[in-house]
Amino acid sequence: MKTVSMLISVLQLYRIDAALISFLSYAAGTVMAGKYALHRFIPGLLISLISFNFIYSLNSWADRKIDALNKPNRPLPSGKLSGKAALGYVIMLGVVSLIY
């Protein structure tokens, strides 16, 4: 159960609105370019779920002290997730971003 709780907290580092905006922007550009075959959406999904997630998660880790004041319910300031676990997740996302 602790693993599920930690996984949920890690995923909460990346805001759902940012994920939707990044993917839908890519999708809209793909459709407007007339390139709307299903396989063309895979890069947008990777960019949104891995690369943008890396950026937002790194920002959450870097801003954890500031967030303790103005966003105390976020995973890091609330203590639901340790800084070490978040940093490990950020590093993993960075490596996967470089690989793909």
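Student: Is lysine 2 buried or exposed?
Tutor: In this predicted model, lysine 2 belongs to helix α1. Its relative accessible area is 72%. Because the cut-off for exposure is over 50%, lysine 2 is classed as exposed.

Student: How far is lysine 2 from arginine 64, C-alpha to C-alpha?
Tutor: Along the chain, lysine 2 and arginine 64 are 62 residues apart.

Student: How many helices and how many strands does the protein have?
Tutor: From the N terminus on, the order of elements reads α-α-α-α-α. The secondary structure therefore comes to five helices and zero strands.

Student: What percentage of the residues of the protein count as buried?
Tutor: The C-alpha atoms fill a box of roughly 45 × 30 × 25 Å along the principal axes. Among contacts with a separation of 6 or more, 63% join residues 24 or more positions apart. Of the 100 residues, the buried share is 29%.

Student: At what angle do helices α2 and α3 pack?
Tutor: Helix α2 covers residues 16-32, and helix α3 covers residues 42-62. Their crossing is right-handed. The axes lie 9 Å apart, and the packing angle is about 145 degrees.

Student: Which classes of residue make up the contact of α2 with α3?
Tutor: On the α2 side the contact is made by Ala18, Ala19, Ser22, Phe23 and Tyr26. On the α3 side, the residues are Pro43, Gly44, Leu45, Ile47, Ser48, Phe52 and Tyr56. By class, these are nine nonpolar, three polar and no charged residues.

Student: Which backbone oxygen does the side chain of serine 22 reach?
Tutor: Serine 22 lies in helix α2 and is buried, with a relative accessible area of 11%. Beyond residues up to four places away in sequence, serine 22 touches Tyr14, Ser48 and Phe52. At 3.0 Å, its side chain reaches the backbone oxygen of alanine 19.

Student: With which side chain does the side chain of serine 51 make a polar contact?
Tutor: Serine 51 is found in helix α3 and has a relative accessible area of 19%. Because that value is under the 20% cut-off, serine 51 counts as buried. Leaving aside neighbours within four places in sequence, serine 51 is in contact with Leu46, Ser97 and Tyr100. The polar contact, at 2.5 Å, is with the side chain of tyrosine 100.

Student: What distance does helix α5 reach from its first C-alpha to its last?
Tutor: Helix α5 spans residues 83-99 and has 17 residues. At 1.5 Å a residue, the expected value is 24 Å. The model is close to that expectation, with a reach of 24 Å.

Student: Which helices are included in what covers the buried residues of α5?
Tutor: The buried residues of α5 are Ala85, Ala86, Tyr89, Val90, Leu93, Gly94 and Ser97. An α-helix has 3.6 residues a turn, so residues three or four places apart point the same way. One of these buried residues, Ser97, is in contact with serine 51, which is found in α3. What covers the buried residues of α5 includes α1 and α3.

Definitions and conventions: Residues are numbered from 1 along each chain as its sequence is written. This is a predicted model: local features need pLDDT of at least 70, side-chain atom pairs count only at pLDDT 80 or more; totals for chains, interfaces and linings use all residues. Side-chain values use heavy atoms; hydrogens and water are left out. Helices (H or I, at least four residues) and strands (E, at least two) are DSSP runs, numbered from the N terminus. Buried means under 20% relative accessible area, exposed over 50%, partly exposed in between (1.4 Å probe, protein chains only). A polar contact is a pair of N or O atoms within 3.5 Å; within protein, one must be able to donate a hydrogen and the other to accept it, and residues adjacent in sequence count only if both atoms are side-chain atoms. Contact means heavy atoms within 4.5 Å. Axes are lines fitted to C-alpha atoms, for helices over the stretch in contact, and angles run from 0 to 180 degrees between N-to-C directions. A crossing is left-handed if the near helix is turned anticlockwise from the far one by less than a right angle, and right-handed if clockwise. Ala, Val, Leu, Ile, Met, Phe, Trp, Tyr, Cys and Pro count as nonpolar, Asp, Glu, Lys and Arg as charged, and the others, Gly among them, as polar. The expected span of a helix is 1.5 Å times one less than its number of residues.
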